[in-house]
Amino acid sequence: MSRPPRHLADLELAERRRAVAELGEREFRADQLSRHYFGRHTDSPDDMTDLPAATRAALAGELLPRLLTPERELSCDDGATRKTLWRLFDGALVESVLMKYPDRVTMCVSSQAGCGMGCPFCATGQAGLTRNLSAAEIVAQVVAGERHARVSNIVFMGMGEPLANYKNVLGAVRRMTDPVPSGLGISQRSVTVSTVGLVPAINRLAAEKLSVTLAVSLHAPDDEARDELVPVNRRWKVAEVLDAAWDYEAVTGRRVSIEYALIRDVNDQPWRADLLGSLLAGHLVHVNLIPLNPTPGSKWTASRPGVQEEFVRRVAAHGVAVTVRDTRGREIAGACGQLAGEQE
Ligand code: SAH
Ligand code: SF4
């Protein structure tokens, strides 16, 4: 398996300066290239008029290789939601989604091509893992979004399990949140890393002392249902996952998000709402209920409206903040991995 070409966004600023020096150029050229990429969102040598014409193309060719090629582009909600299917250097496919709201612009990025976690309701999970994305392949999705709208928020809720690609995801988070020219200058608080519940990696992330938001895809408050919906639960149980989430809450002071896809007659019973509410009560936490977006051929479907409302009421009765996630982009196969699935 060959690796994606090395890119500026894989490197810290000091490493970029060294890389430029190795190419026989003055170190400050690294800062200029970085300003173009992270500040002006361009990788085109023609735009780099502050660099000598003779070296522009060579430097850009070495440090700003094109990592993503658009394969399909879909939009809906009058253009407020844009989904792109990208082809990577080796033919692997990943998706990103840009969502414009009145008060923010959110970019949903992929961290892996495919995913190895095997959640049976998820289109990405069905296909298995192809490979980890490099830090620069993740950042490039955001830079592409920046060319359409000023991105204020990033969620790692596209394809892949971010904490199974820890090093590159952390590099990507730093590039997203470091100030220009090191990175894109997006606030750490506006970045959400969503995980299926890899406990050691959650603990490691807590120790980084970042202010990023942690989202835990719980989907069930009991091990019996969660073992089926989230196979990695056989390794790390509900109680361990929540302990790690509360440690994250304590270390960072950040409110933790709990993701819960409501699946008719599978995890939407009143008693599960009560159990969920009692497990979360007293914590700095917000529950996002996601009506299931059924994958092709799925035996499962979304909860009935009345059942969903009852679920919300019961969780809220424990004093826990709970909302139903808006289902942007559903008509363009908005759920995780569905577009790439169609293509293959
Ligand atoms: N692997 C990570 C992040 C990517 S998935 C994780 O699982 O958290 C992002 C979110 O989409 C997760 O909460 C996931 O459970 C949810 N999801 C996946 N497939 C879905 C579907 N068919 N309907 C609704 N939500 C889904
Ligand atoms: Fe992977 Fe997340 Fe899909 Fe589970 S829900 S298979 S962890 S992408």
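Me: Take a residue as near a molecule or strand if one of its heavy atoms lies within 4 Å of it. How many residues surround ligand 1, and which are the closest?

Reply: 18 residues surround ligand 1. Gly 160, Ser 194, Ser 217, His 219 and Asn 293 are the closest.

Me: Before we go on, what is the model, and how are things numbered?

Reply: This is a predicted model, where local features need pLDDT of at least 70 and side-chain atom pairs count only at pLDDT 80 or more, while totals for chains, interfaces and linings use all residues. Residues are numbered from 1 along each chain as its sequence is written, chains are lettered from A and ligands numbered from 1 in the order in which they are written, and side-chain values use heavy atoms, with hydrogens and water left out.

Me: Back to ligand 1. How far is the polar side-chain atom of His 219 from an oxygen atom of the ligand?

Reply: 2.6 Å. That is a polar contact: a pair of N or O atoms within 3.5 Å. Within protein, one atom must be able to donate a hydrogen and the other to accept it, and residues adjacent in sequence count only if both atoms are side-chain atoms.

Me: Which part of Asn 293 lies by a nitrogen atom of ligand 1, backbone or side chain?

Reply: The backbone. An N or O atom there lies 2.7 Å from a nitrogen atom of ligand 1. Glu 161 uses a polar side-chain atom, 3.2 Å from a nitrogen atom of the ligand.

Me: And which residues are closest to ligand 2?

Reply: Cys 115, Met 117, Cys 119, Cys 122 and Gly 125. Nine residues surround ligand 2. Six are nonpolar, three polar and none charged. Nonpolar here is Ala, Val, Leu, Ile, Met, Phe, Trp, Tyr, Cys and Pro; charged is Asp, Glu, Lys and Arg; the others, Gly among them, are polar.

Me: New topic. How much space lies in the second largest pocket?

Reply: About 540 Å³. A pocket is an open set of points on a 1 Å grid over the protein atoms alone, where a 1.4 Å probe fits, with protein on both sides within 12 Å along at least five of seven lines. Points are joined across faces, edges and corners, and the volume is the space filled by probe spheres set on them.

Me: Which residues lie nearest its centre?

Reply: Arg 3, Ser 134, Ala 135, Lys 167 and Asn 168, out of 20 lining residues. A lining residue has an atom within 4 Å of a point. The lining of this pocket divides into six nonpolar, five polar and nine charged.

Me: Which element gives the most to that lining?

Reply: α6, with six residues. β6 (129-132) and α6 (166-177) each supply at least two. Helices (H or I, at least four residues) and strands (E, at least two) are DSSP runs, numbered from the N terminus.

Me: What about Asn 165, buried or exposed?

Reply: Buried, because its relative accessible area is 3%. The cut-offs are under 20% for buried, over 50% for exposed, and partly exposed in between (1.4 Å probe, protein chains only). Asn 165 lies in the loop between β7 (153-156) and α6.

Me: What does Asn 165 touch?

Reply: Ser 111, Gln 112, Asn 132, Leu 133 and Ile 138, not counting residues up to four places away in sequence. Contact means heavy atoms within 4.5 Å. A polar atom of the Asn 165 side chain lies 3.0 Å from the backbone oxygen of Ser 111. The backbone oxygen of Leu 133 is also 3.0 Å from a polar atom of that side chain.

Me: On to the backbone. Which peptide bond is cis?

Reply: Val 180 to Pro 181, with omega near 5 degrees. Pro 181 sits in the loop between α6 and β8. Most peptide bonds are trans, and most residues other than glycine have a negative phi.

Me: What is the phi of Asp 78?

Reply: Near 55 degrees, positive in a non-glycine residue. Asp 78 is in the loop between β1 (69-76) and β2 (81-87). Its relative accessible area is 86%, so it is exposed.

Me: And where is Lys 209?

Reply: In the loop between α7 (199-207) and β9 (213-217). Lys 209 has a positive phi of about 55 degrees, although it is not a glycine. With a relative accessible area of 61%, Lys 209 is exposed.
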